[in-house]
Amino acid sequence: SAAELLDGAHLRGHLLEAADVRVGGLERAYDVQDALTARRMSRGATRVGWKLGYTSAVMRAQMGIAEPNLGPLLSSMLVDRVDERFVQPRVEPEIALVLDRDPGAGASVDDVLAACRSAHAALEVVDSVWAGYRFDLEHNTADGSSAAGVVLGDELPLDRLDEVEVSLAVDGTAVAAGRGADASGHPAAGVAWL
């Protein structure tokens with residue numbers, strides 16, 4: 001029922017109060033996420049990857065979240081612009097990794113890089129039906145870690161991804177900056193965690 005409620009809120013553009021929706025503990029929240037994903041896939045979307053949430057200590061502190069999480073990236077989430085389908089969109093600069101194969105359980109950063117076909121500058125479009133982005137880890141996880149869209153940009157060299165500098169500007173004014181190393185020491189570290 002939580003997945004049905006979340007799905008309907010996204011489809012109708014309605015906001016929900018996290019305190020009013022029971023999603024259970026983290027394991028149960030992933031079950032809700034799976035049910036939400038199944039509903040989306042029943043409408044023709046396919047899974048194309050994963051979105052990792054809270055890989056940087058700064059983001060975890062900003063959102064009051066203690067650990068990373070993940071959500072599915074679906075074919076319907078490959079976008080080239082933010083449009084009316086989003087409820088309360090925000091964008092985050094990211095480094096996206098495209099893999100040729102699964103690096104396997106217990107993979108290291110080097111194992112992940114060996115499995116990479118390419119790396120890209122990317123903009124992640126996050127969207128949440130939780131009013132004001134007020135949620136805990138479990139509610140965010142249930143809602144697919146706010147996965148809503150991704151815009152793949154230019155290819156980046158695979159070596160030294162931890163040194164890639166990322167900045168975000170709004171109307172030409174820099175509002176945030178970071179480096180690849182801010183994501184758990186290396187962008188591939190999140191994939192190793194996954």
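## A buried threonine

T55 has a relative accessible area of 18% and therefore counts as buried (buried is under 20%, exposed over 50%, partly exposed in between, with a 1.4 Å probe and protein chains only). This is a predicted model, where local features need pLDDT of at least 70 and side-chain atom pairs pLDDT 80 or more, while totals for chains, interfaces and linings use all residues. Residues are numbered from 1 along each chain as its sequence is written, and side-chain values use heavy atoms, leaving out hydrogens and water.

You will find T55 in the loop between β1 and α3 (57-63). Leaving aside residues up to four places away in sequence, T55 touches R60, D182, A183 and S184 (contact is heavy atoms within 4.5 Å).

## Helix α2

Helices (H or I, at least four residues) and strands (E, at least two) are DSSP runs, numbered from the N terminus.

Which residues of α2 are buried? They are A29, V32, Q33, L36, T37 and R40. These buried residues fall within an arc of 140 degrees down the axis of α2, so they line one face of the helix (the arc uses directions from the helix axis to the C-beta atoms). Their cover includes α1 (2-12), β1, β2 (69-74), α5 (137-142) and β5 (147-156).

## Trp50 in strand β1

W50 sits in strand β1 (residues 47-53). Its relative accessibility is 39%, so W50 counts as partly exposed.
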